[in-house]
Amino acid sequence: MDGFEEVAPDTLSVELLDEGVAVEYTDGREILYRGVPTVAESPYQTTPGKDTHVLVVDESETSGVLLYVNERRTDAAILEGTGVGRVLLDADEQTTLFPGVTVRGGGLRDEIVVESDLSGRVFVFEEDQFSEHSAELVPADH
């Protein structure tokens, strides 16, 4: 076993701040995704070569689930200790991240789709060692 299997997410504490989105892992550590997310319509195409994290926040805007898409550097046991989930997709494969939010694998890019009846908010964070970008996804028919 290589340690790079899918991991189910736990519910995490979330705080929407003026300077970005803060997420508290189940082990007590906190990460801040910096910057106010730009609004983008669904479906959303990710940037090639970037790490993709998807955060689905509930209606209260104080909790949610965080999933890494196609991330293959972190051992599953480490993710399980933080509450972060992971999905692994082949090209053209599709899976549900959360009811109302799906992701389609596209090789270099992934496509994230938000359904119009989703009651929470969806954020996508893309990053590498040089830059970070964040977007809040809204259904195309909003």
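For what follows, Ala, Val, Leu, Ile, Met, Phe, Trp, Tyr, Cys and Pro count as nonpolar, Asp, Glu, Lys and Arg as charged, and the others, Gly among them, as polar. The structure before you is a predicted model, in which local features need pLDDT of at least 70 and side-chain atom pairs count only at pLDDT 80 or more, while totals for chains, interfaces and linings use all residues. Residues are numbered from 1 along each chain as its sequence is written, and side-chain values use heavy atoms, with hydrogens and water left out.

I begin with the cavity. A cavity here is a set of points on a 1 Å grid, over the protein atoms alone, where a 1.4 Å probe fits but cannot get out; lining residues have an atom within 4 Å of a point. Grid points are joined across faces, edges and corners, and a volume is the space filled by probe spheres set on the points. Searching the whole structure gives one cavity of 30 Å³ or more. The largest cavity holds about 40 Å³ of space.

Which residues line the largest cavity? They are Tyr-33, Arg-34, Phe-125, Glu-126, Glu-127, Glu-132, His-133 and Ser-134. By class, this lining has two nonpolar, two polar and four charged residues. At least two lining residues come from each of strand E3 (30–34), strand E12 (121–127) and strand E13 (132–138). Strands are DSSP runs of E with at least two residues, numbered from the N terminus.

Two of the lining residues lead us to the aromatic rings. Rings of Phe, Tyr and Trp (its six-membered ring) pair if their centres lie within 6.5 Å; planes under 30 degrees apart count as stacked, over 60 as edge-to-face and the rest as tilted. The structure holds two such pairs. The ring centres of Tyr-33 and Phe-125 are 3.8 Å apart and their planes lie at 10°, so this pair is stacked. Because Tyr-33 lies in strand E3 and Phe-125 in strand E12, the pair ties together parts that are 92 residues apart in sequence. Both Tyr-33 and Phe-125 are buried, where buried means under 20% relative accessible area, exposed over 50%, and partly exposed in between (1.4 Å probe, protein chains only). The rings of Phe-123 and Phe-125 have their centres 6.3 Å apart and their planes at 15°, so that pair is stacked as well. Phe-123 counts as buried at 2% relative accessibility.

I turn now to strand E7. Strand E7 covers residues 63–69, and seven of its seven residues are buried. Ser-63, Val-65, Leu-67 and Val-69 point one way from E7, while Gly-64, Leu-66 and Tyr-68 point the other way.

With which strands does E7 pair? Two strands pair if DSSP finds at least two bridges between them. E7 pairs with strand E1 (residues 12–17) in the antiparallel sense over two bridges; Leu-12 has Gly-64 as its bridge partner, and Ser-13 has Ser-63. Strand E6 (residues 51–57) is joined to E7 by six bridges and runs antiparallel to it, with Val-56 and Val-65 as bridge partners. In the hairpin of E6 and E7, which has five residues between the strands, Glu-61 takes a positive phi near 60°. Strand E8 (residues 85–87) runs parallel to E7, joined by three bridges, and Tyr-68 stands opposite Arg-86.

Lastly, E5, E11, E10 and E9 form, in that order, an open antiparallel sheet of four strands. Its edge strands are E5 (44–45) and E9 (94–98), each of which pairs on one side only.

Note on methods:
On a 1 Å grid over the protein atoms alone, a cavity is a set of points where a 1.4 Å probe fits but cannot get out, and a pocket is an open set with protein on both sides within 12 Å along at least five of seven lines; lining residues have an atom within 4 Å of a point.
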